[in-house]
Amino acid sequence: MGMKSAACWFAPRWSVRTKALGEMVERTIRFDVATIVRDQLEELEIGEAAAQESAHFTEVVLEEPYHLPVGRTVAKIKDHLTDIYRVYLRDRLLELRFNGEPLEYIAPRILTAPFARELSGPTREWRREIQFDLGGGLSAHGYAGLMDPMNTARSGFALFRRGRLIEGSGDEGYRPALIFGQAGSFRWRRLFGELHLEGFEVSHTKDGFRWDENERPFLELLKDELDDESLPLLRQADLYRVQAARNEVAEAAQRAITRAVEVMQTTLPEALPRVADEPPVETDTAPLALRPTLATRELTINFRGQTWIIRIELSNDPAQGEWLSVSDQVAVNGGPQVIEIRLSMAHPFMVSFAQFDPDDIEPLLRVAAGLALAEKLARGAGVRMAKTVRRNLNELLREALSRP
């Protein structure tokens with residue numbers, strides 16, 4: 001069901017060709033979603049063809065897909081694939097390729113450090129084996145550890161059944177509040193592990209476990225294992241602090257600046273003249289036009305004796321051409337000053353670099369809010385045509401800097 005549901009979301013028509021080991025026939029079935037719905041079909045014709053007994057395969061073909069993955073979405077797909085099949089990859093039971101590129105699972109590095117409450121004590125590797133029994137044929141085994149460095153995208157548990165990951169792939173780790181506490185905490189960003197569950201049923205799409213009444217007992221036993229006095233992982237995760245190693249920061253900075261410069265070298269010579277020739281513009285004072293929004297929040301602050309109402313929106317309207325839109329509305333009869341800030345998630349820059357992960361979206365949203373408020377302050381200080389910098393930024397992001 002999982003494969004079929006996904007295929008229907010990706011394309012209007014698709015087919016499956018499959019051959020079971022030991023059989024003398026291969027079978028093909030074709031799905032046309034519109035025809036199935038229109039004619040209320042409950043059965044589809046299965047085509048058969050002769051095949052060698054030793055052959056075995058399954059091929060899924062999507063015809064005219066609605067959207068092809070691009071940019072960071074492709075990287076996320078690779079992460080999910082290697083996470084889901086990591087056991088088979090480690091055991092060399094599976095060769096996994098994406099557009100011909102072989103994929104491998106690389107486990108996070110384990111923290112090696114003294115206990116945070118005994119920094120003068122011995123250095124320990126913060127990884128422990130996990131094994132417990134819930135009774136009734138239900139059990140769990142695997143390991144848990146603390147990452148070095150912290151990485152929100154890779155934290156959380158991966159839950160397996162029969163060697164295949166069921167829940168917790170990619171940046172969607174299984175992070176129950178009873179174990180991980182508040183989102184964004186040090187424990188949330190550092191704790192990870194693999195747990196293989198025996199006796200538990202899974203959903204029909206095989207993307208989650210059917211816990212029934214067993215999840216709470218499971219989590220309580222897991223928590224006891226994680227904070228055992230012999231190696232208190234939870235306490236270490238909460239208390240341990242460290243700055244990223246200088247060489248790691250330098251390596252990340254080098255990769256980032258190399259990629260950015262390569263793109264700029266290609267795109268800026270053409271984009272800069274077009275942007276530079278545009279006339280200067282002033283900040284809008286009328287309310288922003290209504291657009292479909294993904295999220296909206298409002299805050300009120302007092303600035304130098306005046307009330308400011310700041311409205312922030314994330315929009316997914318493809319008709320909005322600007323990455324960042326701002327409205328600096330004039331206060332009426334001593335009323336509050338209203339500043340509207342809208343960031344477009346449909347802008348090519350966001351599509352390439354910040355589509356789904358809140359850890360990608362939040363820093364860009366903060367930068368956008370900072371730019372909008374800086375423009376407001378500049379306008380209040382008498383700077384004319386204060387919108388010009390933002391207009392130029394919007395154009396450069398679209399024309400030159402959106403390429404992943």
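Biologist: Which element gives the largest share of the lining of the second largest pocket?

Modeller: That's H3, with nine residues. Before we go on, this is a predicted model: local features need pLDDT of at least 70, side-chain atom pairs count only at pLDDT 80 or more, and totals for chains, interfaces and linings use all residues. Residues are numbered from 1 along each chain as its sequence is written, and side-chain values use heavy atoms, with hydrogens and water left out.

Biologist: What counts as a pocket, and what is a lining residue?

Modeller: On a 1 Å grid over the protein atoms alone, a pocket is an open set of points where a 1.4 Å probe fits, with protein on both sides within 12 Å along at least five of seven lines; lining residues have an atom within 4 Å of a point. Helices (H or I, at least four residues) and strands (E, at least two) are DSSP runs, numbered from the N terminus.

Biologist: How much space lies in the second largest pocket?

Modeller: About 1,300 Å³. That volume is the space filled by probe spheres set on the grid points, which are joined across faces, edges and corners.

Biologist: How many residues line the second largest pocket, and which lie nearest its centre?

Modeller: There are 41 in the lining, and Arg 72, Asp 79, Asn 151, Ala 153 and Arg 154 lie nearest the centre. Elements giving two or more residues are helix H3 (72-84), strand E11 (156-161), strand E13 (191-198), helix H9 (246-276) and helix H11 (358-380).

Biologist: How does that lining divide into nonpolar, polar and charged?

Modeller: It's 14 nonpolar, 10 polar and 17 charged. Here Ala, Val, Leu, Ile, Met, Phe, Trp, Tyr, Cys and Pro count as nonpolar, Asp, Glu, Lys and Arg as charged, and the others, Gly among them, as polar.

Biologist: Back to H3: what span should its 13 residues have?

Modeller: At 1.5 Å a residue it should be 18 Å, and the end C-alpha atoms of H3 are 18 Å apart, which agrees. The expected span is 1.5 Å times one less than the number of residues.

Biologist: New topic, H7. Which of its residues are buried?

Modeller: Phe 218, Leu 219, Leu 222 and Leu 226. They fall within an arc of 95° seen down the axis of H7, so they line one face of the helix; the arc is that of the directions from the helix axis to the C-beta atoms. On the other side of H7, Arg 216 and Asp 224 are exposed.

Biologist: What do the buried residues of H7 pack against?

Modeller: Strand E9 (127-135), strand E10 (138-146), E11, helix H5 (177-180), E13 and helix H8 (233-239). Take Leu 226, which has a relative accessible area of 0%. Leaving aside neighbours within four places in sequence, Leu 226 is in contact (heavy atoms within 4.5 Å) with residues including Ile 130, Ala 144, Phe 157, Ile 179 and Leu 191. Leu 226 and Gly 145 are 81 residues apart in sequence, yet 8.9 Å apart in space, C-alpha to C-alpha.

Biologist: And where is Ala 400?

Modeller: In the segment after helix H12 (387-399). Ala 400 is buried, at 2% relative accessible area. Not counting residues up to four places away in sequence, Ala 400 touches Val 263, Thr 267, Leu 268, Ala 271 and Glu 395.

Biologist: Is Gln 40 buried or exposed?

Modeller: Exposed, at 68% relative accessibility. Gln 40 is in the loop between helix H2 (33-39) and strand E3 (46-50). Glu 64 is in the loop between strand E4 (57-63) and H3, and counts as exposed at 58%.

Methods
Buried < 20%, exposed > 50% of the residue type's maximum accessible area, 1.4 Å probe, protein only.
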